[in-house]
Amino acid sequence: MMASDEPTAEISCTVNGQPVRAHVPVRQSLVDFVRHGLGLTGSHVGCEHGVCGACHAVVDGRVVRGCLMLAVQVDGRTVTTIETDQPTAQMRALQDAFFERAALQCGFCTPGMILQASELLTRTAAPTRAEIRDALSGNYCRCTGYHAIVDAVETAAARLRDKAAA
Amino acid sequence: MKPPRFDYLRPQTLAEALELLDRHGGDAAILAGGQSLMPMLNLRVAQPAVLIDINAVPELDRIGRSGDRLSLGGRARHNDVFRSAEVAQAAPLLTVALEHVAHEAIRNRGTLGGSLALADPAAELPACMVCLDAEIVAASVKGERRIPAGAFFQGLYTTTLEPNEILARVDVPAAGTDWRFGFDEVARRRGDFAMAGVAVAVREESKAVAECRISLLGVEMSPRRMEAVEMCLLDAPLGTAANIVAAQSALRDTLEPIEGSEIPPEYRIQIARELLARVIRAMAAPVSGKRTH
Ligand SMILES: Cc1cc2nc3c(=O)[nH]c(=O)nc-3n(C[C@H](O)[C@H](O)[C@H](O)COP(=O)(O)OP(=O)(O)OC[C@H]3O[C@@H](n4cnc5c(N)ncnc54)[C@H](O)[C@@H]3O)c2cc1C
Ligand code: FES
Ligand code: FES
């Protein structure tokens, strides 16, 4: 329930290709908005102060911390979450590679990892392991460890390169 | 946690933003990238009554060079500065240092002005601006004011910005080919705030150091020029063993490290001394390849 004197705002934006209009408390974070307002629970809430990367979403093509951006700030913008039914080639290749390499256990960190790694692969077709680790330095995984995750990103990158060359 | 309540304002022009800031002053906080302010709100260590979101203000993120000056807008995002070819050419120190600032997603939102206005002692950009002898341009309803970076940082999280001022841009002297820069830091993990870091700029004339500027991050409460250390490097080729030893010892005598944190002051000094030597040696004998660590 929202208190009647809670400051709110009307926003309209595009989320995963769909137009969305909503009435949000101005202090609501983007990640709380997509989870509670839209039922998109793929972006997770870990620390709520920017250190873990579980809350990642893509706003106008850039990965952001969903806990450090306000819902009211995506007014007029385009938001993509892990649930999108139009994933990029990078996202798809990463999802397959994560699955095959078992680069997840509980999966809490995985959506954030995939979105961040996808941004890397869009920019850098052949990242080194060090570059992969750098790009994912802001994404915590508390159970799988990072080795398998780096492997999966490497595999996805190699497959995307093969596909581009074919 | 969730942030406390606030009113949210999103001005569409700089004039409107300055007007609102002038009206709300100390009750308001500017929301730029939100990568420091939002954590402070969520942890409830900050409780401003009003947020003035400057993300819709046009032009504030402009990066451009005119003549011998590189201008960086107050809302220039870390990653845009990091990946700017103009910055890499005119102020390569920033490009190298930004690799150490936080993580990709945070650099996608975090801004230069936010970092300088916050003045975290462990932040890279304040120390770099001191090292580059940059000028900070503050705007208010009354007009603009230029502040040399060396006079801007006043202490822990403290600057000379007034509550009614917005950090509008930073003017950095574009480096000539006779300038060389070096930067390195030690952090527990890539992208974490540094335990100590060193920024060095030198200008050489006939193979001797003619001008030198050094500043540190993560060691003292706020960045300043290390003049006593700079003196040790003048009028000689860069990186002689004797000068490095002299500079390291001057550094020890000069530093007033942060006390009372979990990192012992003596340890910070030790890292700073080692980094100073490393950075100078790397500048004297540059190796090809981007990263050596
Ligand atoms: C996990 C994590 C790791 C980080 N690691 C690092 C790191 O290693 N190094 C580093 O330097 N930083 C680091 N940061 C901080 C990051 O760089 C921030 O982006 C930056 O410090 C603040 O910029 P911002 O635009 O996000 O400012 P905001 O959070 O929006 O604002 C910060 C403060 O500055 C004020 N302000 C903002 N813009 C202006 C302006 N134009 N004029 C006047 N006042 C203004 C605000 O009112 C507020 O008080 C990290 C952050 C996180 C969450
Ligand atoms: S919940 Fe956003 S970074 Fe942890
Ligand atoms: S798989 Fe559990 S946190 Fe990464």
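This is a predicted model: local features need pLDDT of at least 70, side-chain atom pairs count only at pLDDT 80 or more; totals for chains, interfaces and linings use all residues.
A residue counts as exposed when its relative accessible area is over 50%, as buried when that area is under 20%, and as partly exposed in between. Lys207(B), with a relative accessibility of 74%, therefore counts as exposed.

Chain B contains twelve helices and 13 strands. Its domain assignment gives domain 1 at residues 7–53, domain 2 at residues 63–173 and domain 3 at residues 179–284, and the centres of domain 1 and domain 3 of chain B, taken over C-alpha atoms, are separated by 35 Å. The C-alpha atoms of chain B fill a box of roughly 60 × 45 × 35 Å along the principal axes. For a chain of 293 residues, a compact globule would have a radius of gyration near 19 Å, and chain B, at 19 Å, agrees with that value. Buried residues account for 58% of the 293 residues in chain B.

Chain A has five helices and five strands, and their order from the N terminus on is β-β-α-β-β-β-α-α-α-α. The radius of gyration of chain A is 17 Å, which is close to the 15 Å that the globule rule gives for 166 residues, so chain A is as compact as a globular protein of that length. Along the principal axes, the C-alpha trace of chain A spans about 55 × 35 × 20 Å, and 54% of its 166 residues count as buried.

## The site around ligand 1

Ligand 1 is surrounded by residues from chains A and B, so the site is shared between chains. There are 32 residues around the ligand, and those that come nearest are Ile30(B), Gln35(B), Leu37(B), Thr111(B) and Glu124(B). By class, the residues of this shell divide into 16 nonpolar, 13 polar and three charged.

| Residue | Atom of the residue | Atom of ligand 1 | Distance |
|---|---|---|---|
| Gly33(B) | backbone N or O | oxygen | 2.8 Å |
| His78(B) | side-chain N or O | oxygen | 3.0 Å |
| Leu167(B) | backbone N or O | nitrogen | 2.8 Å |

Taken alone, ligand 1 exposes 960 Å², and the protein buries 92% of that area. The elements that give two or more residues to the shell are β2 (28–31), α7 (112–118) and β10 (166–173) of chain B. Among these, α7(B) gives the most, with five residues.

## Individual residues

Glu99(B) lies in the loop between α5 (92–98) and α6 (104–109) of chain B. Its relative accessibility is 19%, and because the limit for a buried residue is under 20%, Glu99(B) counts as buried. The side chain of Glu99(B) is joined to that of Arg190(B) by a polar contact of 2.9 Å.

Cys13(A) has its place in strand β1 (residues 8–15) of chain A and is buried, with a relative accessible area of 5%. Cys13(A) and Val79(A) are 66 residues apart in sequence, whereas their C-alpha atoms are 7.5 Å apart in space.

Two further residues are of interest for their backbone angles. Most residues other than glycine have a negative phi. Ala102(A) lies in the loop between α2 (89–100) and α3 (110–123) of chain A, while Lys207(B) is found in the loop between β12 (196–205) and β13 (208–217) of chain B. As to accessibility, Ala102(A) is partly exposed, with a relative accessible area of 46%, whereas Lys207(B) is exposed at 74%.

Conventions. Residues are numbered from 1 along each chain as its sequence is written. Chains are lettered from A and ligands numbered from 1 in the order in which they are written. Side-chain values use heavy atoms; hydrogens and water are left out. A residue is near a molecule or strand if one of its heavy atoms lies within 4 Å of it. A polar contact is a pair of N or O atoms within 3.5 Å; within protein, one must be able to donate a hydrogen and the other to accept it, and residues adjacent in sequence count only if both atoms are side-chain atoms. Accessible areas come from the Shrake-Rupley method with a 1.4 Å probe; for residues, only the protein chains shown count as cover. Helices (H or I, at least four residues) and strands (E, at least two) are DSSP runs, numbered from the N terminus. Ala, Val, Leu, Ile, Met, Phe, Trp, Tyr, Cys and Pro count as nonpolar, Asp, Glu, Lys and Arg as charged, and the others, Gly among them, as polar. Domain bounds come from an automatic or database domain assignment. The radius of gyration is taken over C-alpha atoms; the globule rule is 2.2 Å times the number of residues to the power 0.38. Buried means under 20% relative accessible area, exposed over 50%, partly exposed in between (1.4 Å probe, protein chains only).
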